[in-house]
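Take a moment to look over the chain below. Then we'll walk through some of its charged pairs and its nonpolar cores.

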Amino acid sequence: MDTAAYLRSHIRTVPDWPAPGVQFRDITPLLQDPKVFRVLIDAFVHRYMDRALRPDVVAGLDARGFIIGSVVAYELGVGFVPIRKKGKLPFTTVEETYELEYGSATVELHTDAVRPGDRVLLIDDLIATGGTMMAGKKLLEKLGATVMEGAAIVTLPELGGEQRLREAGLPLYTLVSFEGH
């Protein structure tokens with residue numbers, strides 16, 4: 001079994017959550033089994049060990065991007081910065097607001113989280129509409145960093161986020177694709 005199929009077999013689908021008709025892709029089973037978790041982390045680490053793709057910093061999106069991103073950063077020997085929901089960071093921040101299906105949300109980043117010219121890997125668990133990752137990209141770029149690639153475990157192509165991000169010039173690396181949402 002290839003890596004994508006192996007990981008896919010450990011992602012739980014929860015029907016009708018958080019709303020009727022939604023097929024929620026739950027990654028927590030990937031984290032619960034140490035062997036599966038290692039395969040997941042290694043899939044990212046092996047890609048980014050390549051000198052051409054090696055970041056200076058890994059940025060993780062609140063909250064599941066913290067889980068994956070911090071471990072990937074540790075394994076690569078680089079720093080990790082969290083991109084948090086508004087009001088969670090104690091120091092001076094920059095913020096970016098983005099649209100959700102019903103309303104909007106705001107994410108923040110400390111102003112000293114990255115330096116101009118840093119090559120940043122932006123990581124999250126899932127790409128749906130792409131709003132959160134796009135907001136993270138904009139935050140990092142406000143501080144002068146270059147987002148070299150966006151990475152996620154899962155993409156839901158029908159929701160258009162992957163296409164929007166690529167059209168905005170963000171290369172993407174995802175491990176598992178689920179049609180339908």
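Which side chain meets that of E149 in a salt bridge? The partner is R47, at 2.9 Å from N to O. A salt bridge here is a side-chain nitrogen of Lys or Arg within 4 Å of a carboxyl oxygen of Asp or Glu. Before going on, a word on where this comes from: this is a predicted model, in which local features need pLDDT of at least 70 and side-chain atom pairs count only at pLDDT 80 or more, while totals for chains, interfaces and linings use all residues. Residues are numbered from 1 along each chain as its sequence is written, and side-chain values use heavy atoms, with hydrogens and water left out.

Back to our pair. Helices (H or I, at least four residues) and strands (E, at least two) are DSSP runs, numbered from the N terminus. E149 is buried, at 5% relative accessible area, whereas R47 is partly exposed, at 26%. Buried means under 20% relative accessible area, exposed over 50%, and partly exposed in between, using a 1.4 Å probe and protein chains only.

Why can such pairs form at all? Side chains of opposite charge can pair when their charged atoms come close.

The structure holds 12 salt bridges, so let's meet a couple of others. D125 and R64 meet at 2.5 Å, N to O. D125 belongs to strand β7 and R64 to helix α4, so this bridge ties together parts 61 residues apart in sequence. D125 is buried at 5%, while R64 is partly exposed at 37%. Salt bridges that share partners also join R38, D42 and E75 into one network. Within it, E75 and R38 meet at 3.9 Å, N to O, and E75 is in helix α4 while R38 is in helix α3.

Now for the nonpolar side of things. A nonpolar core is a set of buried Ala, Val, Leu, Ile, Met, Phe, Trp, Tyr and Cys residues joined through side-chain atoms within 4.5 Å. The largest one has 28 residues, and F44, V72 and I153 have the most contacts inside it. Helix α3 gives the largest share, seven residues. Leaving out residues up to four places away in sequence, F44 touches several others, including I68, V72, I123 and L175; contact means heavy atoms within 4.5 Å.
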